[in-house]
Structure formats: structure tokens, C-alpha cells
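Trainee: Hey, I've just opened this one and I'm a bit lost. Can we go through it together?

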Amino acid sequence: MLTVLGIETSCDETAAAVVEMDQSGKGQILSNVVRSQINEHASFGGVVPEIAARSHIQVLDGIVEQAMREAGKDWTNISGVAATAGPGLIGGVIVGLMTAKALAMAADKPLIGVNHLEGHALTARLTDQVAFPYLLLLVSGGHTQYLLVKGLGDYERLGTTIDDAIGEAFDKTAKLLGLAYPGGPAVEKAAQKGDAERFSLPRPLLNREGLEMSFAGLKTAVRTAALKEEPVSEQTVNDLCAGFQKAVADVIENRSARAFQLFKDRYPEVDPVMVVAGGVAANDAIRTRLASVAKNHNATLVAPPHALCTDNAAMIAWAGLERLNHLSSKNPNILEGNGKGDDMDMSPRPRWPLDQMSESVLGFGRKGAKV
């Protein structure tokens, strides 16, 4: 039995969790404490990095203590300490990683620095025991990517956004329409009362080959439509949100169909599975559309519970467990305090792609640029 304390501070949630893995590789969440900073950032309409970092400093010790208490564990029961080492807002990442280093050193436990995106990528293995290989649709405020998850630490990017991530587009759309922060849930709620057919909005890159996506133009189209309707009524806001959300879902459906076909071509003997992860994975309209396209391709869609789609420490603890389990199979001393996990000198990283071989295409949405 392996048990890991996980810490997550990459953005505006301060979180700690204790997760264990039994000998069969099955995981169980013993505690998962998340403290949101929504109130601190609401008046600014978005996350302020300096405020986020200070808030992490103020509450993280208490969050860790609460997670350990709720799990009924003390340091004799903990096998290792995992923390997000990137990507994210660097101030917040520093707070969580430095805290994890101190705890690991004081308790003589291995440190595991976790890629935040890998936490999302592996969550379905905690909740549904999904086997490698599988497709991953990572949709969050900072990332929108299709990836092939071949194994632990082995990821291949198949396609990504060339400008705004979906979550970013949701948040910016909410802000320009005067909706409350956080924007994603506000747009989804407004869309439920709107007419998605009232406004003609674009589906960028829909007919282009490959799996690249673009959402900046869609966001701009919403703004243009809103300006034409000024003064904008509440119903107009609802209709624009509904049209925006449907346009996003249309793009995701189109690209997901291509992703399933690519997976079948690559692994003809494997039943295709797509995992959707990240904060936008909590959007029920997008989940419904993904379930439909998966059914059409005789594939399985795995969407973790909403609480495990948004940032949380259980996913970080689980990714740490997978890493620790792999390392201990090669070096059993790591669990006795005689070995080590990651080096205590490891640095926090504001950027850390899962696929180290793929070049960034962000910014290639500029007019005249090539993807």
C-alpha cells in the first residue's frame, strides 16, 4: 500500500489531498481539500497572480493539516509528498513546491514534482482504471489539446489551439458580456436560457485538415454581435452564450471524430477510449456532445466527476503515486528513506508541455501565419 500527500497551488485553488494505491494499482481518495480564491479575484474579473500567491502562503499549512486529519494519517503512514511543479502561475507554483520540499525533507520522504497537466491526464486511471493507451482531450483555462497517452510520462500531442484555450475563450466571453466571475460556469448557465440559433457565429478551422483549433475569432464574433445589439438585453446575452457554446461544441465534435479515427488507425486492435479532463470538462453541454461522438465511433468516453475536473490535489497525489510506484519497482529503498524521488533542487516551471517534442503553435493564429 502506497499513500501520498498531494499539494496543488498552480492557480487560484489551494488544495491538499491524501490518496492511496493498493497492490493491484487501484486508488482511493482519503481526503481532498480545496480552498477556492473566487472571492479574492471576483472584483478583478480574473485571477491576479500576486493575490493568488499570497493567499496560498496564508492558508496552505492549514489545508495540508486538514487533509492529513481527514485522511486519518500521520507521517508514519505517508510514502511520499507530491506537488505541482508546473505549469502555472509561477508565484503559486513556488509556494506549493517549496512547502512540499520542506515537508519531504523534514519527514524523510521522497519528493515527487508533478506536471499539473499530467495530473489531469491520469485522473481517469484513478477514477475508472483506464488502461494505456488512450486519447486525452485536455480542456482548461490555459490548455486545449488532443493527446495520445501511451504510458506514464509518454505523451504525443495530436492537435492544439493556435490561439485562445477554450476555458480562456469562455472567461473572456463572460467578461465582455458582463457576466460574473468565474466566466465558464456563468456562460453555461446563461446558455441554458438562450436560443443558440439566433446569431450566426463562426466555427474557425472547422474544414481544415488536422486537429488544430482556434477560438479567438469566435470570441471576437460574439463581441461584434453584442455591439450591434446595444443596449444588450439579458435575453440577448443568453442567446449569445448559447450560440457561443454551441459553436465550441461543434468544433470539439468535429475534431474528436477525427481523433477517434486517428486512434483507430494507430491502434486497430485496441478499443478506443477518450478521456476528457480539465476545468471545461465540467461543462455538461460539451460532455453531452463528446458522449454522442464517442457513441458514433463505438468508443468510450470517460469524464471524471466534476470535482476532479477542476484543479484539485487528489489528481496531483495520484500522479505522484503512479510515479512513486514506478520508481519503487526499480529502487525499493526509495520507500525506506534511503533513496530519493526528485532532486530537492528541482525548479518550479511556468511552462511544462506534456509532449516535450512538440513545438508550440500558440500565436500562429495571426493573419498570414502558417500552422
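**Strands, sheets and helices**

Trainee: In β8, what is the bridge partner of Tyr146?

Mentor: In β8, Tyr146 has Gly159 as its bridge partner. Strands here are DSSP runs of E with at least two residues, helices are runs of H or I with at least four, and both are numbered from the N terminus. Before we go on: this is a predicted model, where local features need pLDDT of at least 70 and side-chain atom pairs pLDDT 80 or more, while totals for chains, interfaces and linings use all residues. Residues are numbered from 1 along each chain as its sequence is written, and side-chain values use heavy atoms, with hydrogens and water left out.

Trainee: OK. How many bridges join β7 to β8?

Mentor: Six, and β7 (residues 144-151) runs antiparallel to β8. Two strands pair if DSSP finds at least two bridges between them.

Trainee: Which sheet is that in, and what's the strand order?

Mentor: An open one of five strands, β8-β7-β6-β9-β10, with mixed pairing. β8 (154-160) and β10 (300-302) are at the edges with a single partner strand each, so one side of each has no neighbour in the sheet. From one strand to the next, the twist averages 25°.

Trainee: What about the other sheet, which strands are in the order there?

Mentor: That open sheet of five strands goes β3-β2-β1-β4-β5, again with mixed pairing. Its edge strands are β3 and β5 (111-115), and each pairs on one side only. Here the twist averages 20° from one strand to the next. α4 packs on this sheet, touching β1, β2, β3, β4 (80-86) and β5, and its direction makes about 95° with that of β5. Angles run from 0 to 180 degrees between N-to-C directions, and axes are lines fitted to C-alpha atoms, for helices over the stretch in contact.

Trainee: Where's the hairpin, and what is the phi of Gly25?

Mentor: β2 and β3 form it, with five residues between them, and Gly25 in the turn has a positive phi of about 95°. Nine bridges join β2 (residues 13-21) to β3 (residues 27-36), and the two run antiparallel. Met21 sits opposite Gly27 in β3.

Trainee: Switching to helices. At what angle do α4 and α10 cross?

Mentor: Roughly 85°, with the axes of α4 and α10 (residues 314-330) coming within 8 Å. α4 and α10 are therefore roughly perpendicular, a label for angles of 65 to 115 degrees, while under 35 is roughly parallel, over 145 roughly antiparallel and the rest oblique.

Trainee: And which residues of α4 meet α10?

Mentor: Among them are His116, Leu122 and Leu126 in α4, which meet α10 residues including Met315 and Trp318. Contact means heavy atoms within 4.5 Å.

Trainee: How far apart are the axes of α8 and α9?

Mentor: 9 Å, and α8 (residues 234-266) packs against α9 (residues 284-296) at about 30°. That's why α8 and α9 count as roughly parallel. In the contact, α8 brings residues including Val248, Ile252 and Phe260, and α9 brings Leu290 and Val293, among others.

Trainee: Last one: how many helices and strands does the protein have?

Mentor: 10 helices and 10 strands. The radius of gyration is 21 Å, close to the 21 Å the globule rule gives for 371 residues, so the protein is as compact as a globular protein of that length. That radius is taken over C-alpha atoms, and the rule is 2.2 Å times the number of residues to the power 0.38. Along its principal axes, the C-alpha trace spans about 65 × 50 × 35 Å.
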